[in-house]
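Dear colleague,

I am handing over the structure below, and would ask you to look through it alongside the notes that follow.

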Amino acid sequence: MKIGAPKEIEAGEARVAMTPDSALQLQKLGYDCVIETGAGQAAGFTDAAYEAAGVEVVKTAAALWKDADIVAKVRPPTTAEAKKFREGQLVISFFYPGQNEKLMETAKAAGTNIIAMDMVPRISRAQKMDALSSMANIAGYRAVIEAGNNFGRFFTGQVTAAGKVPPAKVLVVGAGVAGLAAIGTATSLGAITYAFDVRPEVAEQIESMGAEFVFLEFSADELPDGAATGGYAPPQSPEFQAKQLAKFREIAPEMDIVITTALIPGRPAPKLWTKDMVEAMKPGSVIIDLAAERGGNCELTKADERIVTDNGVVIIGYTDFPSKMAAQSSTLYSTNIRHMMTDLTPGKDGTVVHNMEDDVIRGATAVFAGAITFPPPPPKVA
Ligand code: NAD
């Protein structure tokens, strides 16, 4: 069978779903590899590099979609791409099935199978295919680099002949995959880093990376009856939220850089950094809001924009951080795809066995054999 990657057509998307390295690995699984000319250009992979790795370069997207039994993409197929779906074809990409019902209907009608990389269950066996985590890791790193680029001072403290420079203070809100990557990057650059998450169990991870966990203090009479766990209020209680905002309000004037990554799956981003907190920050401070696509954690964030407030605070709501590091993100994403293909190819004979009894494959499959299979049942194993 042939696996192919077209050039991404979404404006500004620089990633590609197959690299020369991943193509070599796919060939070891028995597949022939095809790429649309120029598909890897923006990520630094030339047609010549693909050819040297044994990949056939085709001239048009139409030829690629016609040729490939399996099409690997980054972004969900566009309406124009969906018109090229064929019976028995397998399309693997970020797909967001919950928001793409029409696209699932098109695939169902065409008899095309869909694997949504964003639906890979977050269980240990599937970590090697967890493309959301790969991309969040890059976004967290890049958020700090972007902050540094917009912050007119050092991260690390210095004693120079011209005077003493204090270290920057960085606050990371939300210590999931992106948040932990941001903490690691900020501490390695020498900043004093603080982090907050609604899950107290991440305190140890935060501290092991050299950051300080921002604790909220609760006295017994502030906690709702029976709801307290280890002196911690339930995250969504009004008491907890009020304490969280009060704490942020208290520390806002001291923070030079705030990176927000707070996310509750399936919901709009919680508003955690309010207008008055921005107003309390020093001129030259920077906020990087990784949750911009879901409405932002900061009240003033505008998705895909860099704004400067009247008091001189820079607020960045870019939603394409992984694409800004296209070489790295294409390498990791194409490796996630290659691992998915390994599980889909038990015989290593270039033939897909789409085993719907496999928790990971089942979980990620949105359309199969002319039926919509989203949402999947909960995974059986942890
Ligand atoms: P994750 O689920 O691993 O982490 C989110 C964290 O936020 C969790 O630890 C959760 O406990 C915490 N959280 C939830 N509510 C909170 C609250 N009220 N206060 C503090 N913490 C809270 O998610 P992730 O994979 O790290 O992704 C983080 C964000 O980055 C998401 O919004 C994702 O969409 C975004 N992202 C953005 C880009 C970009 O280019 N802008 C790229 C990749 C990911």
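**Helix 6, helix 7 and the rest of the model**

Helix 6 passes helix 7 in a right-handed crossing, where right-handed means that the near helix is turned clockwise from the far one by less than a right angle. Helices here are DSSP runs of H or I with at least four residues, strands are runs of E with at least two, and both are numbered from the N terminus. This is a predicted model, in which local features need pLDDT of at least 70 and side-chain atom pairs count only at pLDDT 80 or more, whereas totals for chains, interfaces and linings use all residues. Residues are numbered from 1 along each chain as its sequence is written.

The axes of helix 6 and helix 7 come within 7 Å and cross at roughly 35°; these axes are lines fitted to C-alpha atoms over the stretch in contact, with angles running from 0 to 180 degrees between N-to-C directions. Among the residues that meet there are A136, A139 and A143 in helix 6 and A178, L180 and A182 in helix 7, a contact being a pair of C-beta atoms, placed from the backbone, within 7 Å. The residues of this contact divide into 11 nonpolar, 5 polar and no charged, with Ala, Val, Leu, Ile, Met, Phe, Trp, Tyr, Cys and Pro counted as nonpolar, Asp, Glu, Lys and Arg as charged, and the others, Gly among them, as polar.

The ligand is surrounded by 31 residues, of which A136, A139, G174, G176 and F321 are the closest; a residue belongs to this shell if its C-beta atom, placed from the backbone, lies within 6 Å of the ligand. Helix 6 (131–150), helix 7 (177–188) and helix 11 (321–324) each give two or more residues to the shell, and the largest share, 4 residues, comes from helix 6. By class, the shell has 21 nonpolar, 5 polar and 5 charged residues.

The largest nonpolar core has 115 residues, and I183 and I259 have the most contacts inside it. Helix 6 again gives the largest share, here 9 residues. Such a core is a set of buried Ala, Val, Leu, Ile, Met, Phe, Trp, Tyr and Cys residues joined through C-beta atoms within 7 Å, and a residue is buried if 20 or more other C-beta atoms lie within 10 Å of its own, exposed if 12 or fewer, and partly exposed in between. Leaving out residues up to four places away in sequence, I259 touches A143, V144, A147, V170, V172, A182, I288 and L290.

T301 lies in the loop between strand 13 (286–289) and strand 14 (306–308), and counts as buried because it has 25 C-beta neighbours inside 10 Å. T301 and D289 are 12 residues apart in sequence, with their C-alpha atoms 7.0 Å apart in space.

Some backbone details may deserve a look. Most residues other than glycine have a negative phi, and most peptide bonds are trans. Y96, in the loop between strand 5 (90–93) and helix 5 (101–110), has a positive phi near 45°, and A369, in the loop between strand 16 (365–368) and strand 17, has a positive phi near 50°. A369 is exposed, because 12 other C-beta atoms lie within 10 Å. The peptide bond from F374 to P375 is cis, with omega near 0°, and P375 is found in the segment after strand 17 (371–372).

With best regards

Methods. Contact = placed C-beta atoms within 7 Å.
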